[in-house]
Structures are given as C-alpha cells and as structure tokens.
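My notes follow the display.

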Amino acid sequence: MTAAAAVAILRRVFGFDAFRGPQAEIIEHLNSGGDALVLMPTGGGKSLCYQVPALLRSGTAVVVSPLIALMHDQVAALTQLGVRAAFLNSTLGADEARAVEQRFVRGDLDLLYVAPERLLSERCLDLVARADLALFAIDEAHCVSQWGHDFRPEYLGLSVLHQRWPEVPRVALTATADPTTRAEILDRLALTRARVFVSSFDRPNIRYTIVDKIEPRAQLLAFIRAARTGASGIVYCLTRRKVEETAAWLAQQRVQALPYHAGMTASARASHQARFQCEDGIVIVATIAFGMGIDKPDVRYVAHLDLPKSIEGYYQETGRAGRDGQPADAWMSYGLADVVQQRRLIEMSPASEDFKRVSAAKLDALLGLCESAACRRVRLLAYFGEDSAPCGNCDTCLEPPETFDATEAAQKALSAIYRTGQRFGAAHLIAVLRGKSGDRVAKWGHDGLSVFGVGADLEENAWRSVFRQLIAGGLARVDHQAHGAIRLTEASRCVLRGEQRVQMRRLAAGRVRPVKRKEVQSPATDMSPADTDLLDRLKRWRVQEARTQSVPAYVILHDRALAEIARLRPATLAALTVVNGIGTRKLERYGAALLAIVAGTRPEAS
Ligand code: ADP
Ligand code: ZN
C-alpha cells in the first residue's frame with residue numbers, strides 16, 4: 001500500500017522512475033511510524049528518504065539542518081516541484097518569519113527546514129507543540145559527535161524532540177559512517193529503537209588519485225587541463241593566504257578561479273558562491289569552510305593541495321564531486337611538509353590530550369591511505385567498515401606504484417638523524433646524506449660524519465619521499481617543541497638494528513598522468529554535433545530561467561535531464577515525461593518552452 005503510494009509520489013512529484021538502494025525501505029519504515037538512522041554517502045539520495053514520507057503522512061515534516069545555504073537550495077528545489085516548503089533561520093526578517101510560522105501552525109506546509117538553535121528556542125518549541133507533525137528529520141546528524149570534525153553543541157539538545165514528542169517518527173541522516181560516530185548519534189539523539197540503514201559508501205563514479213607533491217601548482221594545472229577544462233571544480237587549501245594566491249595564479253593561467261574563505265567579506269563570499277552555483281565552469285579555491293551545504297550536482301572534481309585532517313574529512317570533501325553520478329575526480333597532492341604540518345597542528349593545539357590522541361589516530365589512518373600501494377577505494381571503504389575488491393578506477397589500480405625494499409635507505413636516514421644529534425629537520429639531513437657541504441653543514445662539522453655523502457645515489461626529492469614515509473609510518477617523528485627536529489622512535493631502533501625490513505613506494509618522479517577516459521566520458525562527448533547544439537540552446541534557456549527566478553540553474557533542471565532531452569528530442573508533452581527529473585509541475589511549467597526549443601521555434605533561445 002505505502003509502496004505503491006510512495007512510487008506514485010516519486011514519479012508524479014519528482015519525475016524519477018524508481019527508488020535507489022534502500023530509499024523505498026526507509027520510506028516505508030518511517031511512514032509506518034518507525035525511527036531510523038540513515039547512513040548514505042553524499043549524493044546517495046538522503047533527502048528523498050524524508051521528503052517522500054513528508055508528503056505521504058499528514059502534518060508537516062520538521063527538518064533540522066545546520067546549513068543555511070543548503071536549506072535555501074532545498075526549499076527552492078521543492079518549491080519548483082510544487083511542494084509546500086519553507087525555512088526558518090536567521091536570514092528571515094521578523095515579518096517573513098512570522099508568516100512562515102503561521103503557515104506551519106495552520107498546516108499549510110509539507111516541510112519546514114529549521115536551524116537547530118532556532119528549533120530549540122522556547123518560542124519555536126511552542127510552535128511545534130501547536131502544529132500537526134509528520135516526522136522529524138535530523139540532517140547532518142554527525143554534528144552531534146564531539147570527536148567529529150563538525151561538532152555543533154546545539155545538536156546535543158535535540159534529544160528533547162524525543163522526550164516531548166515520543167510518538168513522532170524521527171530520522172537522523174549522515175554521510176559520515178565510522179562506527180564510533182554511528183554509536184554516538186544513536187546514543188546522543190536517544191534513537192534507541194531506531195533501525196539503522198547502511199548503504200554502501202562507495203562512490204564508483206569518483207576516481208581517486210594521490211600524487212607525490214613535487215611542483216604542486218604545475219601538477220594541479222596539468223590535472224585541470226588534462227580533461228577538465230571548462231568543468232566546475234573545487235580546490236582546497238589549508239590557509240586563507242594560500243587560497244588567495246592559488247586562485248590568483250590559476251586566474252593568470254586562464255582558469256576561471258575564484259577564492260572563498262572566512263576572511264573575505266560576506267558579500268564577496270556570497271557572490272563567488274552564487275557564481276559557482278549558477279554559472280558553468282567556475283573553479284572555487286577554498287579553505288574547507290567551503291562546501292558544507294553546497295549541493296551542486298555537477299562538480300566534476302575536488303582537488304586537495306593540502307592534506308585534510310582525517311579520512312572522514314577527505315571523504316566528505318571529495319564526496320562533493322559527481323553527485324549527479326557522472327564521472328568525477330578526487331585529486332590530491334601530498335608531501336613531507338603536509339605530514340609535518342598536520343602533526344604540528346595537532347601537537348600545538350590547545351585541545352585535551354584525549355582529543356589530540358583521537359586526532360593523531362585519524363591523521364595516521366589518512367596517511368596510511370596516502371602511502372598505500374594498494375587500491376585506494378578498498379582502503380577508504382575498509383575504514384568505513386566495508387569490504388570490497390580492487391576498483392579499477394583509482395590511481396593505484398590504473399597504474400600500480402612501484403615499491404622497493406627501502407631498508408638500506410631507511411637505515412641511512414635514521415643514522416643521519418642519530419649522528420647529527422636528533423636536532424635537525426629534513427632539509428639539513430638530506431644535505432648531509434647527499435654530501436652537500438653548505439655553510440650550515442660545515443658550521444656543525446657534519447661534513448666530517450660517517451653518514452656524510454652516503455646517500456648521494458638518491459635525488460633530493462627521493463630523500464624527501466623517504467623521510468615522509470618514515471614519519472608517516474612512525475619510524476621517525478617530528479618534535480615540534482624543538483623547531484621541527486626529526487627524532488628517532490622506538491620503532492626506528494628495530495630498523496637500525498636490521499631486525500625490521502622496510503618497503504616504500506618509489507617516488508613517481510614528476511609523473512602527472514593525463515587521465516585516460518575511455519570508459520568514462522562526459523555526457524556531452526558522445527553526442528552528435530546537432531545534439532550538442534540543441535544542448536547548448538537548452539542550457540542558454542536554463543541560464544535565463546534561473547536568472548529570472550534567482551535560483552541555481554540545476555534547480556530548474558539537471559544536466560542529465562537536458563542531455564536526455566537533447567538526445568530524445570521529444571515532440572509531445574507525454575514524451576517529455578520520460579525524462580528523468582520532469583514531474584507534473586515541471587512539465588506544466590517548462591514543457592511548452594522545452595518543446596519549442598527542441599522544435600527550433602523558440603528564437604530567443606537559439
Ligand atoms: P544526499 O543528500 O544524500 O547527498 P541528495 O538527496 O541531494 O543526496 O540526492 C543526490 C542526487 O540524486 C539529487 O540530484 C537527487 O535528485 C538524485 N536522486 C535521489 N534519489 C533519486 C532517485 N530515486 N532517482 C533518481 N535520482 C535520484
Ligand atoms: Zn582502486
């Protein structure tokens with residue numbers, strides 16, 4: 001019964017054919033009054049899990065979301081579909097907020113999006129008490145985790161929903177899936193009776209690549225140019241300054257790049273974000289502050305110029321690529337300085353020892369991924385508790401890295417650390433190993449040491465890679481209290497004594513591999529010139545429409561829908577309904593215009 005009604009809504013309102021993965025089961029469960037925890041990767045289709053029950057059940061679904069931009073986009077997209085949706089957050093004036101509140105209490109809303117701190121105010125809880133409730137959806141539920149990277153104290157208060165409205169079904173949703181976070185969500189939100197729905201976290205359309213950082217900018221540019229000129233992308237950097245510099249440099253190279261970070265004025269940030277959302281082919285260079293709440297479906301790549309803090313962070317950030325299911329890339333350049341810098345940030349932070357320990361373990365897991373010579377995806381999924389087989393769509397699968405027995409190199413490096421008194425950083429140690437007697441080496445008398453020049457056979461970059469892998473693997477450590485001096489660890493001694501052999505990845509010297517894209521073509525590339533021309537006209541129409549209505553272009557119709565129209569060339573309204581994402585409302589609203597463009601009788605769009 002529910003199943004048929006749910007599919008009917010999916011087709012009529014959303015214009016989709018079938019539910020994906022566990023969506024149908026989740027909807028059925030909520031609709032019959034159960035609580036749920038939904039773990040799905042970004043782009044997996046979490047929103048439908050509560051939007052469909054919101055339409056099936058009587059009353060309003062209250063959706064808690066910490067992300068204002070996301071609320072706005074969701075409400076815009078739902079309104080396009082003819083769904084009665086609104087939000088309550090700090091961007092509304094008092095009158096607007098009151099109007100929304102009245103609609104809520106009157107039963108005039110299918111969905112109400114609200115920020116957590118707002119929901120927990122006495123005033124808002126009173127409103128909720130007066131309204132008819134379909135369900136509570138708690139989005140980004142991992143924000144309740146104190147160890148997580150997005151902790152929001154307000155989320156801790158949300159267990160009140162259960163205490164006051166025990167009969168209203170609740171669904172918590174997140175794209176973060178490590179088992180600790182999962183347990184914390186269930187506990188802190190009092191979801192004791194909730195069914196847990198875990199989807200595969202795999203994002204098969206994303207290709208993972210992690211390169212040795214040699215000339216990061218040139219490597220990035222080569223990556224962007226390889227197959228992605230004109231595509232939207234996000235480039236993450238650690239600091240504001242680096243964001244500014246990288247964006248300016250990319251712009252000089254004729255990449256349409258815009259900076260985004262917390263130090264910019266609110267209006268500059270909003271304008272860059274709006275251009276990214278609405279125009280084709282903008283590259284945003286940002287600190288990780290950017291991206292929360294951006295759900296642009298056609299981001300073609302996410303590049304990291306600096307190391308994220310954890311696998312969760314990396315997976316969430318890279319997950320912003322390819323939400324539309326089309327081929328996308330996650331690219332990162334990674335080097336010795338990244339390891340040193342991230343370790344330093346943890347050690348020098350004012351946080352508790354417990355927190356530092358957890359952070360250090362998370363960083364180690366990420367370093368393990370970077371240094372891995374096996375499939376990246378297998379490693380990522382294993383971190384989230386999933387078994388899988390080598391994927392064939394990551395750098396190590398496509399071009400397995402060379403590994404070598406690095407025991408001797410490791411011993412030389414560790415001896416150099418020891419002989420120089422554990423007081424120097426990598427640059428000095430490498431100079432000693434390679435027998436470069438500059439001022440500093442001579443001043444310390446290190447040109448007279450037995451290790452002086454024993455490593456002349458390896459290039460400087462190769463030595464940096466050796467030190468990076470030693471530190472990443474815990475065979476040496478950086479002492480940040482002593483200006484970054486590299487020191488020995490317990491584990492170093494086994495290597496020095498010859499009791500442990502060491503395998504390392506060989507530095508892939510300067511290799512910037514142009515990505516082979518046989519099997520993964522963008523939707524436009526296999527089109528005939530006539531179809532491409534029609535697609536261009538459809539896109540121009542969409543841009544105009546988006547501007548007139550002040551909504552992002554994809555809210556009007558997704559790329560995929562436009563590509564289907566260009567290929568199918570529907571001549572009747574009935575034929576248009578076959579297109580993915582065209583439901584009743586969009587057919588009424590845009591059907592005639594789309595048919596006119598296909599027929600070539602709409603001059604202003606050609
Ligand atoms: P999440 O919130 O999990 O990141 P979304 O709910 O934004 O993902 O969905 C990702 C994309 O997939 C959206 O463009 C959405 O319209 C689309 N989508 C979700 N479910 C389906 C479905 N059953 N059929 C077709 N497209 C879907
Ligand atoms: Zn792989």
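**Notebook: charged pairs and one lysine**

I looked up Asp 405 and found that it forms a salt bridge with Arg 501, the closest N and O atoms being 3.0 Å apart; a salt bridge here is a side-chain nitrogen of Lys or Arg within 4 Å of a carboxyl oxygen of Asp or Glu. Asp 405 lies in strand S14 (residues 403-405) and Arg 501 in the loop between helix H22 (490-496) and strand S17 (503-505), so the pair ties together parts that are 96 residues apart in sequence. Helices (H or I, at least four residues) and strands (E, at least two) are DSSP runs, numbered from the N terminus.

I note that this is a predicted model, in which local features need pLDDT of at least 70 and side-chain atom pairs count only at pLDDT 80 or more, while totals for chains, interfaces and linings use all residues. Residues are numbered from 1 along each chain as its sequence is written, chains are lettered from A and ligands numbered from 1 in the order in which they are written, and side-chain values use heavy atoms, with hydrogens and water left out.

Next I checked accessibility, where buried means under 20% relative accessible area, exposed over 50%, and partly exposed in between (1.4 Å probe, protein chains only). Asp 405 is partly exposed at 39%, whereas Arg 501 is exposed at 59%.

I then turned to a network in which salt bridges that share partners join Arg 84, Arg 103, Arg 106, Asp 108 and Asp 110. Within it I looked at Arg 103 and Asp 108, whose closest N and O atoms are 4.0 Å apart. Arg 103 is partly exposed at 27%, and Asp 108 is partly exposed at 26%.

How many salt bridges does a search of the whole structure find? I wrote down 34. One of them joins the side chains of Arg 193 and Asp 35 (4.0 Å, N to O). The two residues are 158 residues apart, with Arg 193 in the loop between helix H9 (179-188) and strand S7 (195-198), and Asp 35 in the loop between helix H2 (23-31) and strand S1 (36-39). Arg 193 is exposed at 62%, but Asp 35 is buried at 6%.

Last, I looked up Lys 362, which is found in helix H15 (residues 353-371). Is Lys 362 buried or exposed? Lys 362 is buried, because its relative accessible area is 17%. Leaving aside residues up to four places away in sequence, Lys 362 touches Trp 147, Lys 309, Ser 310, Ile 311, Glu 312 and Tyr 383, where contact means heavy atoms within 4.5 Å.
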